[in-house]
Amino acid sequence: MKKDHKKIFLKTTQEEHIKENSNYLRGTIVDDLKNEITNGFSGDNFSLIRFHGMYQQDDRDLRLERNEQKLEPRYAMMLRCRLPGGIIEAKKWLKIDHFASKNTLYGTIRLTNRQTFQFHGILKKKLKDAHKMLHEIGLDSLGTANDVNRNVLCTSNPMESLVHQECYTWAQKISNVLLPQTKAYAEIWLDQKKIATTDQEPILGKTYLPRKFKTTVVVPPYNDVDLYANDMNFIAIIKNNKIVGFNVLIGGGLSITHGNKNTWPFLAVELGYITLEHTLSVAKSIVTTQRDWGNRTDRKNAKTRYTIEKVGLSVFKKEVEKRANTTFEPIRPYYFTGRGDRFGWTKNINNDWSLTIFVQNGRIYDNDKQLVKSGLLKIANLHKGNFRLTANQNIVISEISDENKKKINEIAMSHGLIKKVSPLRENSMACVSFPTCPLAMAEAERMLSFFITQVENIMLKYGVEKEIIILRISGCPNGCGRSLLAEIGLIGKAIGRYNLYIGGNRIGSRIPKIYKENITEKEILTHLEFLIKIWSIKRKKTEHFGDFVVRKNIVKEIVNPIHDFWN
Ligand code: SRM
Ligand code: SF4
């Protein structure tokens, strides 16, 4: 062990006290719900509702105006559903759509890049209705935020092979086994009676995890879940069309703080291979090791990657082996070919169909070009299969029968859901940012479409418009848009200003390096024009943009992010 970590755990953070004193996440949320004077939650409850899948936000476009009028900020909640693997029966979508239309300030649904959906703008008095609606359709939002294992990702399009189906089942099992056990959620939001037995959290513990924790189950060669950004990853190893075990990778994460060199992005590293029967015990052991060894004195250094750096990978691994009562075998060979979704119609192994629809920014709403919301609603009305949300903020309509294919195609066409867009746009991503995200420093979702159009024009000018470049925007260095795994990544610094990172690779296993700091959109476009021009002229045949800028030494390759990211 590199350092005696026990000595470091002296003064725990405020968040730790909140968890400790919360009576297993209850706090006084019930009292706040009765308080009609404010639309917000008070004290510890502001943080505790996150464990139940909600964030208190206010509309930042209205902040100044309301402040001037001496009004409370326009408080409303964002609610994030739990949907391991991203699969939801189409008929359930009807209720989700209805709730968004009738009970939220914005009337939209937002697909996230972790295979689920969010409602923005639910007033406090409507929150119980939201949870009851979810419960009616067999869903919940427990543990989709704060210091727990978050929504578990699984490679999309599981109907392509039986292996995908198996992986989806594993994603659900892992999600269930790591879920908070407290009955607080059911008591507060579903009015279920308090049971006399005392709560217990055998895996997460009374103070839950030191920080958020993210998990994926992956079917190579598709890395559509961006596994390297996650704390714990299970890569399926397949023999004779069946999963025989998983390669386990741990410690990924992308967020940084501008200028704080004690924070760095990190790619998940290999622990070893396990056979199937050890999956759940290894998952639990990784989580409990991070629970016990993670930093509870500084939330900026509390994620698994910092724990591994502190104690050393081999020590972490030994501890997991001890707790899981197994030994990791050497990693089995695996490789990845890409991260994007496969748009349009595909035929599945059991002869039914899937239609993957591109949803710009994952925002489900109608505008004058596309009627995504009403189109999906019409499809949900007649479709007997599922909707599958992808980790690229898109949607797959799956298990479509031959009989329904024509009807669904007609709806999709007439609502603009099947539209030819550039490969650049298809692979682009932005986080939510303004107006709802309290941490936003610059626009992301609202500027992506226009920005992509400008880059499309540049690519057209230099004859590379048919190429893919993975371009992503995040409104702040938390990096929710996974900009630090993009070939071109923008990270917000201030309104209208961004850091420009370049040099990630296509499969998402290289972190890009800063190229220019704190520049305007106009300046970014000037730099991109220069870079895209020389790439179009000097690239090797089929050389990707990210690989080119690294080979040409335009930016230094990041090999070890801990050292190379800031230097
Ligand atoms: Fe995120 C916080 C939105 C994926 C790193 N993220 C937030 C909050 C909740 C702001 C807040 O704390 O008040 C944002 C809400 C905005 C809004 O109005 O909806 C927010 N994050 C999102 C989503 C919706 C972005 C999207 O456009 O899809 C994604 C929801 C995923 C989900 O369904 O669970 C989302 N966030 C990510 C990712 C990407 C990923 O997980 O693949 C990351 C980077 C990977 C990582 O974790 O390192 C990410 N979000 C963060 C962080 C930095 C965490 C850290 O380790 O320091 C924060 C801030 C925090 O936790 O303190 C954050
Ligand atoms: Fe908000 Fe920052 Fe995440 Fe964007 S990256 S959603 S601005 S926290």
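This briefing goes from the overall fold to a helix pair, a ligand site and a few individual residues.

The model is predicted: local features need pLDDT of at least 70, side-chain atom pairs count only at pLDDT 80 or more, and totals for chains, interfaces and linings use all residues. Residues are numbered from 1 along each chain as its sequence is written, chains are lettered from A and ligands numbered from 1 in the order in which they are written, and side-chain values use heavy atoms, with hydrogens and water left out.

**Overall fold**
- The protein has 19 helices and 20 strands; these are DSSP runs, numbered from the N terminus, with helices (H or I) of at least four residues and strands (E) of at least two.
- A compact globule of 567 residues would have a radius of gyration near 24 Å, and the protein's 23 Å agrees with that. This radius is taken over C-alpha atoms, and the globule rule is 2.2 Å times the number of residues to the power 0.38.
- The C-alpha trace spans about 70 × 60 × 55 Å along its principal axes.
- Of the 567 residues, 60% are buried. Buried means under 20% relative accessible area, exposed over 50%, and partly exposed in between (1.4 Å probe, protein chains only).
- Among contacts with a separation of 6 or more, 68% are between residues 24 or more positions apart; contact means heavy atoms within 4.5 Å.

**A pair of helices**
- Helix 6 (residues 90–103) and helix 7 (residues 127–136) have axes that come within 10 Å and cross at roughly 170°. Axes are lines fitted to C-alpha atoms, for helices over the stretch in contact, and angles run from 0 to 180 degrees between N-to-C directions.
- The two helices, helix 6 and helix 7, are therefore roughly antiparallel; angles over 145 degrees count as such, under 35 as roughly parallel, 65 to 115 as roughly perpendicular and the rest as oblique.
- Helix 6 contributes K95, I96 and F99 to the contact, while helix 7 contributes D129, A130, M133 and E136.
- By class, this contact has four nonpolar, no polar and three charged residues. Ala, Val, Leu, Ile, Met, Phe, Trp, Tyr, Cys and Pro count as nonpolar, Asp, Glu, Lys and Arg as charged, and the others, Gly among them, as polar.

**Around ligand 2**
- The residues around ligand 2 include C431, C437, C476 and C480, along with N478 and G479; a residue is near a molecule if one of its heavy atoms lies within 4 Å of it.
- The shell around ligand 2 holds seven nonpolar, five polar and no charged residues.

**Backbone details**
- P220 and P221 are joined by a cis peptide bond with omega about 10°, and P221 sits in the loop between strand 7 (215–218) and strand 8 (232–239).
- Another cis bond runs from F434 to P435, with omega near 5°; P435 is in the loop between strand 16 (429–430) and helix 16 (445–461).
- N240 is not a glycine, yet it has a positive phi of about 45°. N240 lies in the loop between strand 8 and strand 9 (242–250) and counts as exposed, at 76% relative accessibility.

- D368, in the loop between strand 13 (363–364) and helix 13 (372–382), is exposed at 78% relative accessible area.
- K347 lies in strand 11 and is partly exposed, at 45% relative accessibility. Leaving aside neighbours within four places in sequence, K347 is in contact with D352 and W353.
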